[in-house]
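I opened this model to look up a few residues one by one, and I keep the entries below in the order in which I went through them.

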Amino acid sequence: MWLRTDEMTGIQALERLHPCLPMLPGHAQRQEFEYERHGTLSLIANLEVATGQIVMSSLGPTRTEVDFADHITRTIQTDPEAAWLFITDQLNTHQSETLVRLVAAQCGIQEELGIKGKSGHLATMQTRAAFLCDASHRLRFVYTPRHSSWLNQIEIWFSILVRRLLARLSCASVQELRAHILAFIAYYNRTCNGAFRLPLQRASALGSCVISASLY
């Protein structure tokens, strides 16, 4: 299964201090600009390339390498025998020691992994990335080029989440914010129109660079 994966951090639970003014003939709804903050959440999500749906989401206060590895673990547990390919950016938490050890355990790799910062597959971010990208692994990662995370289609979905939900949301707690996000994901999966597709003329203009960047 091909999944596009990334984090959306610092999602604020903002409670508007006064109700919005409703729509009237000739006037759009006007939103209250004063608010009170009630904390933040980080969202880690997977977009399935073939269907355009969100497959598994993780919401928590942080986005550490352990959080990311736990998210990947929960995702692959939905089909433990499947081949998984995660397309993500080159953030250090996506090339971590925890992730290398997870892939080794899931793929039954018995070789010595080395010592972080010193030797073997764990020596540097480059050696860890090379291990995680290995096409012979049942569980592998593909990284978008630096400064090109916009190539990852999950970014399109994050913008949909902001426009359709977060931009006008008022929440009194992070628990309420979590409930709204999970409800939106369930609604989106029920009603989405399938995979994201570029208009033909734009796809032709981009050419093979998007394909090669996504795969390598």
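I began with a side chain and found that the one of Thr88 reaches the backbone oxygen of Thr5 at 3.0 Å, where a polar contact is a pair of N or O atoms within 3.5 Å and, within protein, one must be able to donate a hydrogen and the other to accept it, while residues adjacent in sequence count only if both atoms are side-chain atoms. I note that this is a predicted model, in which local features need pLDDT of at least 70 and side-chain atom pairs count only at pLDDT 80 or more, whereas totals for chains, interfaces and linings use all residues. Residues are numbered from 1 along each chain as its sequence is written, and side-chain values use heavy atoms, with hydrogens and water left out.

Where does Thr88 sit? I place Thr88 in strand 4, residues 84-88 (strands are DSSP runs of E with at least two residues, helices runs of H or I with at least four, numbered from the N terminus). Thr88 is buried at a relative accessible area of 0% (buried means under 20%, exposed over 50%, partly exposed in between, with a 1.4 Å probe and protein chains only). Leaving aside neighbours within four places in sequence, I list among the contacts of Thr88 the residues Thr5, His94, Phe141 and Asn152 (contact means heavy atoms within 4.5 Å).

I then turned to backbone angles. Met56, in strand 3 (residues 54-60), has a positive phi near 70° although Met56 is not a glycine, and Met56 is partly exposed at 23%. His147, another non-glycine residue, has a positive phi near 65°; His147 lies in the loop between strand 5 (139-143) and helix 4 (154-164) and is exposed, with 79% relative accessibility.
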